[in-house]
Amino acid sequence: MTGRGARTIRVDTLARVEGEGSLYIKLVGERVGEVQLRIYEPPRFFEAFLRGRHFSEAPDITARICGICPIAYQMSAVHAIERALGVRIDPAVRLLRRLFYCGEWIESHTLHVYMLHAPDFLGYQDVIAMARDHRAVVEKALRLKKIGNRIVQLLGGREIHPISAAVGGFYKIPTKQQLRDLVDDLEWALEASLETVRWTAGLQFPNFEQDYEFVALRHSDEYAFNEGRLVSNRGLDIDAAEYEDHFVELQVKHSNALHSVVRGRGSYLVGPLARFNLNFDKLPEVARKAAVDAGLRPPVKNIFRSIVVRAVELVFACAEALRAIHEYEPPAAPRVEAPNRIGVGQAITEAPRGILYHRYALDDNGLIVTAKIVPPTSQNQKRIEDDLREYAAQLVVWPIEEATWKCEQEVRSYDPCISCATHFLRVVVEREDVKD
Amino acid sequence: MSSKSKHKPRIGVFKFASCDGCQLSLLDAEDELLGVAGAVDIAYFPEATRAMSKGPYDIGLVEGSITTYQDAQRIQEVRRQCKSLITIGACATAGGIQALRNWKDVDEFIRVVYATPQFISTLKLSTPIAQHVPVDFELRGCPINKYQLIEFITATLAGRKPNVPSYSVCIECKRRANVCIAVARGVPCLGPVTQAGCGALCPSYDRGCYGCYGPMETPNTASLTNQFRILGQTDSQVARAFRGFNAWAWQFRKASEECERT
């Protein structure tokens with residue numbers, strides 16, 4: 001439909017995202033009408049079937065929420081349960097968990113930067129097509145990704161759904177030599193990440209800045225992974241235990257998807273941009289310098305630039321992994337014993353896509369009574385729609401195909417993980433999109 | 001498209017209820033990805049490309065279980081479009097972790113997770129693909145082993161049968177010269193009844209196998225249940241052990257239900 005009638009930006013199957021969703025934006029003349037990021041991925045009810053399972057199974061079960069960021073689920077689960085049980089982990093285990101998370105960040109960020117997002121900037125349908133013209137770039141990306149996976153494999157046994165993370169520590173811990181064997185690869189990865197920052201900084205970015213509330217963990221002397229206060233640029237400063245007092249999920253009519261908002265304010269943004277803007281001072285010198293040289297200074301308010309910020313976080317993750325390896329002394333035992341006891345515990349950790357909240361209530365047999373999980377994508381969902389409402393207004397005069405691709409690129413800037421979000425978003429399961 | 005020399009097989013990757021991990025295995029095959037992409041035509045793979053070509057496809061890789069009415073219809077269409085249909089992973093092959101709903105009141109599950117239950121449309125059961133359409137080959141695992149996936153694709157291109165073993169995890173443990181953690185340390189381990197494929201990962205990391213690859217050919221679950229009891233496991237613990245990522249595979253299902261009856 002053309003002329004003064006309504007036009008529609010419509011993507012029935014969003015590509016290069018994890019999980020299944022669709023996009024629907026109605027343009028009425030020069031005005032943006034309805035904007036819907038629809039999720040039709042079927043629900044899987046994790047919170048329900050975690051009940052009655054033993055706490056020791058939670059890291060294995062919740063990992064299955066997401067094949068892309070299973071470590072994030074394992075980390076939020078073990079920290080929440082350790083808090084419920086009053087378990088204190090060995091500092092060496094803490095260090096290994098940081099290293100483990102570095103592996104996932106390297107793997108996940110590389111996947112997103114090069115294989116899911118870069119093709120949009122360069123006008124390719126996918127990374128395979130991109131590889132025909134940019135073979136060396138793609139080969140470098142694959143090697144970088146593989147190095148992230150190597151860390152995960154060593155500490156966790158395998159890349160997807162690793163098996164070694166446990167409440168209290170790990171089932172098995174690596175030797176110093178095994179970690180030292182990663183150093184050469186990681187030194188190469190650090191260089192490759194610095195090149196990634198320069199490469200992504202040279203891409204073309206649409207002029208699109210928004211006034212976001214950024215929400216991320218903040219730690220007194222680290223770029224936060226597993227610990228810290230939850231803060232925002234609008235004065236939020238809370239412990240994980242207070243999360244549910246400050247964030248609420250609102251029902252929206254169009255998609256029947258609950259949108260997470262900061263109580264009394266509205267949508268917010270989690271993920272690389274939020275972390276970078278709130279914790280720039282905690283980045284190691286090498287990452288800060290790479291960012292500044294690439295023209296990035298906080299606050300970065302253009303979501304399209306998140307690809308550069310992800311690259312800066314790659315630099316951080318490689319540098320941090322090297323630091324962890326150099327500091328590592330094996331703990332006395334792979335894990336401390338975790339007793340069965342009644343308790344409630346919450347934890348927030350920084351998944352590659354942003355904060356991931358878990359809460360567990362346990363009974364005296366160590367069985368889970370209730371579980372609550374809020375993944376990053378369900379938190380970003382409302383923000384994505386708010387963005388699209390503004391961004392589509394810039395595109396109303398564009399041919400519909402180009403406008404559609406641009407909107408997809410905007411959504412992919414969030415690296416949405418719909419598989420994660422679905423188990424918690426309130427969804428209508430439907431495959432047919434609405435007709436305009 | 002029958003000329004063997006020129007025609008690259010067209011591959012489609014289809015997702016149902018799942019975590020995306022099994023299809024990610026293809027992108028995780030960093031050393032093989034570009035080679036595979038050169039040898040086949042990746043015609044439909046939304047996780048990796050926005051170019052989506054219509055069927056028919058020579059090979060359909062199906063991830064995920066059937067949990068909604070719409071998906072039960074969609075798998076019929078996918079089957080019609082695929083000359084050969086392969087399930088990848090525990091969800092597609094056995095119903096996945098979400099099959100835990102199959103022993104519960106799913107309406108109650110919906111009320112636990114969702115504020116407005118009336119908006120949720122879901123089936124009572126999470127079921128494997130083979131319960132809906134004929135399946136030509138199964139790759140086990142939660143997640144699948146990427147090398148088995150590459151082996152499958154390579155074998156198909158070469159026109160031979162893929163070399164995917166159906167013996168138990170115990171054989172892999174022996175090959176790795178692991179000391180048996182069940183015998184030596186009394187750790188409950190599903191290895192004796194679980195199909196190989198992971199490389200005996202969990203026993204190699206000092207923990208019992210939890211059955212990612214589902215039941216091996218002719219597993220003796222009754223004997224293993226007995227062994228678990230000797231190790232001091234209660235019936236509800238044994239039932240939970242069988243009720244994991246392959247809970248709805250009939251041999252594991254039967255074993256867990258027998259524990260509940262005693």
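In strand E7 of chain A, which residue is the bridge partner of A:Arg218? The partner in E7(A) is A:Arg229. Let's look at what surrounds that pair.

A few ground rules come before the tour. This is a predicted model, in which local features need pLDDT of at least 70 and side-chain atom pairs count only at pLDDT 80 or more, while totals for chains, interfaces and linings use all residues. Residues are numbered from 1 along each chain as its sequence is written, and chains are lettered from A and ligands numbered from 1 in the order in which they are written.

Helices (H or I, at least four residues) and strands (E, at least two) are DSSP runs, numbered from the N terminus. Two strands pair if DSSP finds at least two bridges between them. Strands of a sheet pair through backbone hydrogen bonds, either parallel or antiparallel.

In chain A, three strands make an open antiparallel sheet in the order E6-E7-E8. Strand E6 (215–218) and strand E8 (237–238) of chain A are at the edges with a single partner strand each, so one side of each has no neighbour in the sheet.

Another open antiparallel sheet of three strands in chain A has the order E1-E2-E3. Here strand E1 (6–11) and strand E3 (31–39) of chain A are the edge strands, each with a single partner. From one strand to the next, the twist averages 10°; axes are lines fitted to C-alpha atoms, for helices over the stretch in contact, and angles run from 0 to 180 degrees between N-to-C directions.

| Helix | Strands it lies on | Angle |
|---|---|---|
| H13(A) | E1, E2 and E3 of chain A | about 150° with E3(A) |
| H14(A) | E1, E2 and E3 of chain A | about 45° to E1(A) |
| H10(A) | E6 and E7 of chain A | about 50° to E6(A) |

**A loop residue**

A:Pro399 sits in the loop between helix H13 (376–394) and helix H14 (400–412) of chain A. Is A:Pro399 buried or exposed? It is exposed, because 8 other C-beta atoms lie within 10 Å; a residue is exposed at 12 or fewer, buried at 20 or more, and partly exposed in between, with C-beta atoms placed from the backbone.

**Chain B**

Chain B has 12 helices and five strands. Of its 262 residues, 52% count as buried.

Note on methods
Contact = placed C-beta atoms within 7 Å.
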